[in-house]
Structure formats: structure tokens, C-alpha cells
Amino acid sequence: MTNLPHPLPLWAAGDQTKPSVKELIKGAKERRAVETFQPEQLAGTQIPDDPLGRQTPRSAVKGFLKATRERDYATASEYLDLRNLPPGLDLNQGPDLARQFKIILDRALFIDLELLSSSPEGDRQDNLPAGRERVGRLAAGDKSYDILLQQVPYGDGAHIWKFASTTTADIPALYKEYGYGPLERFFPAWMFDYSILGIHLWQWVLTVTVLLLLYPVATWITWLGGRILRLFSVQRAENLERFFAAPLKLLVWILLARALSPLIGPSVAFSALMQVATIPLFALAWLLIRLVDFGASRILGDLDRRGLAGARVLVTPVSRLVKLVVMTGIMLLWLDNMGFKVTTLLAGLSISGVAVALASQKSLENIFGALTLFSSQPVRVGDFCRFGDQVGTVEEIGLRATRIRTLDRSLITVANGEFANLHLDNYSVRDRFWYHPQIGLRYETTPDQIRYILVEVQMMLYAHPKVLPEPLWVRFLGFGDYSLNVGVFAYIGVTDYTESLEIAEDLNLRIMDIVAAAGSDFAFPAQIQYELPGKPVDESRVHAVEAQVKEWKAQRALYLPNLPKEKITEIRGSLAYPPPGSPGAVPTSS
């Protein structure tokens, strides 16, 4: 036979504090009655040599509890004052009264022996008459009963402590309120005497039976909830069932068991054990973890749909961090339910948390850098970009660092905290490429030659199918140190970098053809001393260009500073591209 391993705190319905689970299971005492006795207090007090140890209130109650735990109700009756019993009760009923009193205490009253006086004279500060000690108070119906100890004569002028005769006389009435009633007819008497963790064997049997009967009920309730969800959305119901069916079933099962626990006729120890939230908190933690998993799966699916598969690397560690926070919160709730001082624990954890945060400052900086890269997305995996003074293709964005493959095929690893703060130029997200060469012409070029070049280059750009018509301009910018500068501004309407280089190459060659056709040439930054005559001017080309410009002027077709819209429409896309002679060019008839 076993019982609780420590004295239990004083508690009774209606006017005292309910014990915490820590007090019940671990015997922690949150308050103690500290009594100090001076030697002169014992002067004149005769302490009898009582083999049952009834010299003090504490030892008397302790002896009674010990005897009832051992089912020695004859000895336990020696702790009851059986004098002056009311009609209907006699000394022969002492063992039965002791057994009934033990059941009453089990079901209704916790007793903390530390709160009872250890003085032979009892507690003189409890406002009770001398020789009286209150153990607790019980309510039965509309009446309140004091559970009292009193000193009774023992031997030659000595006194011992017993439960008062008034309390003994009240046992039958209290047993009608707190006894097991009809249950005693269904279970053998020995199942009411033996206990595990302070809970009788019959209660364990009945609890297990009720749990087995409630499990199919909880399963049916969970199934019914799933059927109702299917009426609104089958796919959503299947997702919810996959993640939440098992923890919800456990939670419903435990809640049903706790709701029906009063029907079992619980003892105080059983009621206190039912208040232990270990299993409900476990079910709640399981449910919250499944909720995190469900949220993570939804986020992963959303990332895949939006083409952000690279961000999947963040979902797993973040979900694990959220689970850790959930488990920590559940653990703190459990410790608080068990009676521990959670505020003290949190104070210690906060100090440790500051130290950990300082030690992991760089790691946290890199994690937040990764979050920034995935949320604002200045670059993605596979993008070709410039970072700082280098260029390369992003191969991986991890939690700690980003890896970039450079043009010389080396692999650079940059911490996310640093990479997120760099100037990032993402070439892969360009919607067009800027074409803006500056043409430096020789100073021997005449104004009409420049006019010719301006018009022809402008018409060529408008006519090219890969050059966007707006914005576009070709201008004579001014006089350089060694050249006459013509500026070109246009956009190539492609997004692939390699293709843009191909088109820019074609445009550059066509500009060279125009310059050559104008009879001019490109300047070069050099100083030359001519001892021989320079390159002769092609007079025929010069006269031809001048004649062409003169004709344009006569026909009012010198399109400077801008080509008219009708001319742009006329020549738009008229050039052959790819240029004749290239593999992709359209063959022309000979």
C-alpha cells in the first residue's frame, strides 16, 4: 500500500487555498509555521510516555494518518475521542468511524502537518480555547463543520491529543456527504483502502474504463468535424485532417475525461491529479506544432507558385524556431501548473538570453540579411549581377552567406549581412539594354558630313527592328580635344545580355559604314607630326555628300534636329536584320 510521500497542505472547500500540484507531488511547502519554544514554556507541562505518539497536535494527526494508511483502523480509533458519543454511536464502532473519517479526509481535506503545532500545549495564537486545535473545516449541505483536536486526560495528570468528540460525533453526517455511497456496493471494500499516489484502486479502475469508453466518442467527434468541413471545401478538409486530426482527437479525449471526472466521485488527491495539465498541455503543444507545419507547407506552396523556390531554405529553420518558442511556452505553462516559480526562471533565462544574443550577434545579422534578400529580392538565384566592384552569377542564398560564381569561374562567398548592404546591380532583371556610344569624328569632317551622319544614323536606328523608337536621339554634342563628338541614345528591346551584345555589335558596324559612306573617319587620341601630307580627302565622296545634303535642303528633307513621325513610320523596321551575309539573314535574290 502506498500513499503520498509527504504531508499534504491544509485545504477545504469554501474557505482555504487549494494546493498546487507541486505541493501534491513533490511536497514543496510555500508557507511554514515556524514555532520557537523557550525552555520555560515547557515548565510544568507533563509529556506522557504515549506509545501512539499523541503528545502534540502534529504527532497525533501524523499517527492517525499512518494507522489508516496501514489499514489498522483499531489503532486509528485510538486517535478519536470516543467519549460522550451521541445516541446510536458506541465505542465498538470506533474502527468503522476511523475508516469513515479516513475516507472523508481523502475526499475533502488536505492536511499539511507542517502547519500544525508541534507544541504539547498547541497553538496559543489561533483564537481557540486552550486545549483545542483546528485541523480544517468542511461543509456538508448548509452546515459547516470544524475538524478539531482536543486534549484529553491520559495517565496521572497528563494529557494527550485526539480528534475532538464533537468531530467524532460529526463523522456519520460528514460521511453521508463525502462517502462513496452506491459505489461501495459495486467495488470490494479493499479497493477503497489501497491507493496509488493517494488515489484508490477503484478510482484507477473506473478512470481507465471511462477513458476506454470515451476514446471512440472522441474519434467520432473528430470525424464529424471533418465531415462538416468537407461540406465547404474537400481539399481544405483533407489538409486539415492530415495535420490536425490526431492532436484534436487527443485534446477532445482529454477534455471529455476531465469533464466527466466529477462523476467518478474523486478524492482530493484524485481531483488534484486531474488538475495536472501535463496531458492537455502535451495535446495543445502537439496541435500548435501541427499548426506550424501546416503554415510552413502553405508558405512553401505559395513560394513555388510565385517562382521563389530559393526562399524555401528559410522556411525550415524559421518553422523550427517557431516550434522551439511554442515548446518553451508550453514548458513554462507546465512548470507554472506544477507550482514552480516561473518568474524566477524567466529572470534567469533573460540574463542567459542577453549573453547568447551578444555571442550570436553576427549570426543573427546574417540571418536577418538572408530575410532581407528573400523579402526584397534585389537578386535571385541564377541572376547575373554586379556586387561592389565584381560581377558574377548568384548560385545560392543561404542562411549565413551568399555564393556567387564570377566570370573567371571562381566562387565567392559573402556573408548575408555584408551582401545585403552592398550596391547590387542586377543585370538579369533588365527589361531593355541602353545603347549609348559616343562617336568621335576627325576634325577634318565638314558640317555637311556631320549632318549626313546625324540623319543616316538616326534613320538607321529607327529602321532597326531591335531598337526601341522611344526614347531615341542622335546629336552633335560638341568639340572634344581631338574629335568632333556625336552622341547616340537608344534602347535595345531585348532582355538577354548576350543577345544585346550581338545587336550592339550590328549597330556599331552600321555606324562605321555610315561614317565611311560620309567620307569621314574616326578620330583617335594621339598627337601626330605630319612630315608628309596627311591622308588625302576623298573629294568625290565629299562632293557627293554635299550634293546629297543640298538636295535634302532643297526638298526640305534635312531631318534635323528630329525625324518627323511620318518618316519614322515609313522606315520603321525596313532594315534587314540579321544583316545580309550573316547565317541568320534572309537570302536575297541575285
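A: A residue is called buried when its relative accessible area is under 20%, exposed when it is over 50%, and partly exposed in between. In this predicted model, buried residues make up 39% of the 590 residues in the chain. The chain has 18 helices and 14 strands, and 66% of its contacts with a separation of 6 or more are between residues 24 or more positions apart.

Now the charged pairs. Side chains of opposite charge can pair when their charged atoms come close. The count of salt bridges is 12. One of them joins lysine 466 to glutamate 499, with 4.0 Å between the closest N and O atoms. This pair links distant parts of the chain, 33 residues apart: lysine 466 is in the loop between α15 (447–463) and β13 (473–479), while glutamate 499 is in helix α16 (residues 497–517). Lysine 466 is partly exposed, because its relative accessible area is 29%, and glutamate 499 is partly exposed with a value of 29%.

Helix α16 also holds aspartate 506 and arginine 510, which form a salt bridge with closest N and O atoms 2.9 Å apart. The two residues are four apart in that helix, so about one helical turn separates them. Aspartate 506 has 6% relative accessibility and therefore counts as buried. Arginine 510, at 14%, counts as buried.

A further salt bridge is formed by arginine 541 and aspartate 538, at 3.0 Å from N to O. Arginine 541 is partly exposed at 39% relative accessible area, and aspartate 538 is partly exposed at 31%. Elsewhere, salt bridges link Arg134, Arg137 and Asp146 into a network.

Two arginines are placed over aromatic rings. The charged end of arginine 54 sits over the ring of tyrosine 79, 5.9 Å from the ring centre. Arginine 432 lies over the face of tyrosine 491, where the distance to the ring centre is 5.4 Å. Tyr491 also belongs to a cluster linked by ring pairs, together with Trp434, Trp473 and Phe489.

The chain as a whole exposes about 33,600 Å², of which carbon and sulfur atoms supply 58%.

Methods: Residues are numbered from 1 along each chain as its sequence is written. This is a predicted model: local features need pLDDT of at least 70, side-chain atom pairs count only at pLDDT 80 or more; totals for chains, interfaces and linings use all residues. Side-chain values use heavy atoms; hydrogens and water are left out. Rings of Phe, Tyr and Trp (its six-membered ring) pair if their centres lie within 6.5 Å; planes under 30 degrees apart count as stacked, over 60 as edge-to-face and the rest as tilted. A charge sits over a ring if NZ of Lys or CZ of Arg is within 6 Å of the ring centre and within 35 degrees of the ring normal. Buried means under 20% relative accessible area, exposed over 50%, partly exposed in between (1.4 Å probe, protein chains only). Contact means heavy atoms within 4.5 Å. Accessible areas come from the Shrake-Rupley method with a 1.4 Å probe; for residues, only the protein chains shown count as cover. A salt bridge is a side-chain nitrogen of Lys or Arg within 4 Å of a carboxyl oxygen of Asp or Glu.
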